[in-house]
Amino acid sequence: MSPRLARIGLFVAAASAPVVFVLVPIAAFLIMSFWRVETSQLVPDMTVANYAAFFASDTYPRVFIETLQLCAIVAVIGVALGYPIAYLIWRQHGRLRYVLLLLFAIPLFMSYIVKIYTMRSILGLQGFLNQGLVTLGILDQPSLLFIYNRLAILLTMAVIFLPFAILPIYLSLERIPRSLVHASADLGGAPLASFRYVILPLSAPGTIVGALFVFVLALGDFITPQMVGGPSGFTIGRVIWSQFGLAFNWPFGAAMASLLLLVAFVVISLAALIARRQRV
Amino acid sequence: MTVLLELDAVSKSYGATEVLRPTSLEVKDGEFLTILGPSGSGKTTILRLVGGFARPTAGRIRFDGADVTNVPTHKRPFNTVFQDYALFPHMNVARNVGYGLMLRRRPKREIENRVAETLEVVGLSGMLDRYPSQLSGGQRQRVALARALVCDPRLILLDEPLAALDAGLRRQMQLFLKSLQRQVRTTFLFVTHDQEEATTMSDRIVVMNVGHIEQIGTPRDIYYAPASRFVAEFFGDNNILGGTISDGRLQCALGAFPAPPALVEGSAALAAIRPEKVRLGTAAEPADIVFTAAVIDVVFAGAITQVLLRPNASPEAIITAKLTSGAAIGSLAPDASVEVRIAREDAVILPAASP
Ligand SMILES: Nc1ncnc2c1ncn2[C@@H]1O[C@H](COP(=O)(O)OP(=O)(O)OP(=O)(O)O)[C@@H](O)[C@H]1O
Ligand SMILES: [Mg+2]
C-alpha cells in the first residue's frame, strides 16, 4: 500500500468511527422499533404497533412526562448549584483557581456506582444527614425524608452530574475578557450591574450547555432512581431497561428509547439555537 | 489652567519589583497629555492606577481636588478607551454606546438622542444596529470612543487606542482624535509608544523610562531641549558625541561646545545634535565647528536625503545628516570627502550618566 493510500485509509477509519459507534446503534434502534415479538422471537417488520401501544397505554406516557419533568428539575438544580461554584472558582487568582477546578472535576473520574452509594450513605436512614440532624436536635429520630423518594432522586442526580454543569459554565466565564468587566465598571457599573449586563449574558451559552448535559445525562440514568428512588423511582429509563430485560420486548423498548432520543434531540437543537442567538 | 488630575508620589510594586517609582504628575483641565515611553516603562500601569483597575502601593491620586485613591472604578468620574476596545460583543452599537447612560438610569429618549449625537460626532451615524463583530477595526475604535464620550466625562484615558490600526487609518485617526479633543474640550490622558504620534497630537508629553518619568514638556521643549541622553535618543534621532567638560566647555574629538555651568569640570558629558542641524559644504559661520568626513552612504527618502558620514578625526563616530533633497546631494558618492559644519548652539549638552 502506498503511503498516500494508507493515509486515505486512516482518514476513512477515523471519520467512520462516529458513524460506526454512534449512528449505527441509533439506526439499529430505530429499525428495531418497527419490529415485533412473536412467541419470544424477534420478527422483522414495518409496524407502528409499538408506538401505538405506547401512546394507548395509560401509564407509560405519564411516566415519560414525569421523567422529563424530573430531569428538567435536576438540570435546574444542577445549574443553580453549578453556576455559583463556577463563578467563585473563576473569581479566584493563580493556582487556587486550578486547584478548585480540579477538586470539582475529580468526581468525573470516580465510578458512578460509588457515587450513588456515597449519596445513599449521606441521605439514608443511618446516613450522615440524619445523624447530624439528630445530633443537633433538629430531628427526634432518623427520618426517611431524604431517601427513597423524589427528593432523593433529585438531590443524588444533581450532585452526581454537578461537574457536568460546572465545567461548561466555568469555561464560558473564562472566555470573558477581563477588559469587558473593567469596561463595565469604568462606565459606572457597580459589581452587581456588571454581573447582570455583561457576565451573565456572556456566560449564558455555557450555562445552557451545562443544563443540557445534566438533563440528557439524567434522562439516560435508570440506576439512580432504582437505588435511591424507592416507589418514585419508576422512570422511563427503568421502563425501557425492563423491556430489554425481564419483559423481553426489545421492539417496544426500542420504540420508547427512540422517543426519548427524539426529545433529547429537540432539546439540544433548541438550546443550540438559543446559544447561537447570543452572538458569542 | 487648573489642575484636573494629580498624581502625588504614586508608586506601584508587584511583590518585590517596583514597576513604578514614586511619580508625581499634574494633568491640567482641557489639555491633551501624552504618556510616551518604550514597552514595559509603566505607561499602562499609570493608566490602570488612574482608572482604578489597580491600587497604588503608595501615594495619592486626586481628581478635581478630591482624593480618589481608594474610590472604586465605577465611582470614578472618568472613562477609558481600552487598547482592545473592550466592546460588549452581545450588544449592538446603540447599546454599547448607551451603556453608561443606561446604568445612570437616564430616560430612554434621552439615551437615544445622546447616542445618536455622539455617534455623529465620531462619524458613525446609521450603524446603530450593527454588532461589534460586524465592524472594521477603525469603526470599533470609534464606537469605543463614543462609548467613553457619551457620559460627558471631564477626563478620558486612552491606552494606545491606535496601535491596532494600519498606518493610513492611524494617521487619519490621529488627526480626528486631536480635532475631537478640541471640539469636546475634554481632557485626554493618552498613552503611546510612538514618538511621532505623541508629537503631532499632544499639548504636553510625559516621557517615561523603566518605571519613572524622564521629562515632562511640550513636544517642542522635548525635541529641542531633551533633558537626558535617554530622551535625546528615544525622542527623534540625535547624533551623540561623547567628551569631557573642561574650561566650561565640552571637549570632544570633533570640537568644543559651550557647556552649561551645572556640569562639573572633568565629568563625562555628551553633545546631542539633530541630524537636520548637520550641514555639508555650506558657507561657514563663526560659531560652527568644522570637520572633514567620508561619505558612507546616501539614502534618498523623498523630500529628505540621509547622509551617513565617518569623520576623519573620529572614525568610530558615525554622524547622520538629514538634508533637503536636491541635485548637489544626489551626486554625492560613497567615499567622497566632504566638509561638515555644525553650529555650536545647535548642540544640546547633557551629562553622560542619567541623573
Ligand atoms: N500584574 C502584574 N504583575 C507583575 N508585573 C506586572 C504586572 N503588570 C505589569 N507588570 C510589569 O510592570 C512593568 C510595566 O508594565 P506596563 O504594562 O505599565 O508597561 P507599558 O509601558 O504599558 O508597556 P507596553 O508599551 O508594552 O504596553 C512591566 O515590566 C510589566 O512586566
Ligand atoms: Mg501598555
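**A first tour**

Mentor: B:Arg170 is buried, at 16% relative accessible area. Buried means under 20%, exposed over 50% and partly exposed in between, with a 1.4 Å probe and protein chains only. This is a predicted model: local features need pLDDT of at least 70, side-chain atom pairs count only at pLDDT 80 or more, and totals for chains, interfaces and linings use all residues. Residues are numbered from 1 along each chain as its sequence is written, chains are lettered from A and ligands numbered from 1 in the order written, and side-chain values use heavy atoms, leaving out hydrogens and water.

Trainee: Which side chain does B:Arg170 meet in a salt bridge?
Mentor: That of B:Glu197, at 3.0 Å from N to O. A salt bridge puts a side-chain nitrogen of Lys or Arg within 4 Å of a carboxyl oxygen of Asp or Glu. The pair links distant parts of the chain, 27 residues apart: B:Arg170 is in helix 5 (residues 167-184) of chain B and B:Glu197 in helix 6 (residues 195-201) of chain B. Helices here are DSSP runs of H or I with at least four residues, strands are runs of E with at least two, and both are numbered from the N terminus.

Trainee: Is B:Glu197 buried or exposed?
Mentor: Buried, at 2% relative accessibility.

Trainee: Why would such side chains pair at all?
Mentor: Opposite charges can pair when the charged atoms come close.

Trainee: How many salt bridges are there over all chains?
Mentor: A search of the whole structure finds 23. One of them joins A:Arg62 and A:Glu66, with the closest N and O atoms 3.3 Å apart. Both residues lie in helix 3 (residues 60-91) of chain A, four residues apart, about one turn of the helix. A:Arg62 is partly exposed at 44%, and A:Glu66 is partly exposed at 35%.

Trainee: And B:Arg114, what does that pair with?
Mentor: B:Asp152, with the closest N and O atoms 3.7 Å apart. This pair also links distant parts of the chain, 38 residues apart. B:Arg114 is in helix 3 (residues 108-121) of chain B, and B:Asp152 is in the loop between helix 4 (137-149) and strand 7 (155-159) of chain B. B:Asp152 counts as exposed, at 59%.

Trainee: New topic. What surrounds ligand 1?
Mentor: Residues of chain B, including B:Tyr14, B:Val19, B:Pro38, B:Gly40 and B:Thr44. Each has a heavy atom within 4 Å of the ligand. The shell divides into three nonpolar, six polar and two charged residues. Helix 1 (residues 43-51) of chain B gives the most, with three residues.

Trainee: Which side chains have an N or O atom by a ligand oxygen?
Mentor: B:Ser39 has one 2.5 Å from an oxygen of ligand 1. For B:Lys43 the distance is 2.7 Å. A polar side-chain atom of B:Glu160 lies 3.3 Å from a ligand oxygen. The protein buries 58% of the 640 Å² that ligand 1 exposes when taken alone. Those areas come from the Shrake-Rupley method with a 1.4 Å probe.

Trainee: How many helices and strands are in chain B?
Mentor: Nine helices and 20 strands. Chain B has 355 residues, and 50% of them count as buried. Its C-alpha atoms fill a box of roughly 75 × 45 × 35 Å, taken along the principal axes.

Note on methods
Polar contact = N/O pair within 3.5 Å; in protein donor to acceptor, adjacent residues only side chain to side chain. Nonpolar A, V, L, I, M, F, W, Y, C, P; charged D, E, K, R; others polar.
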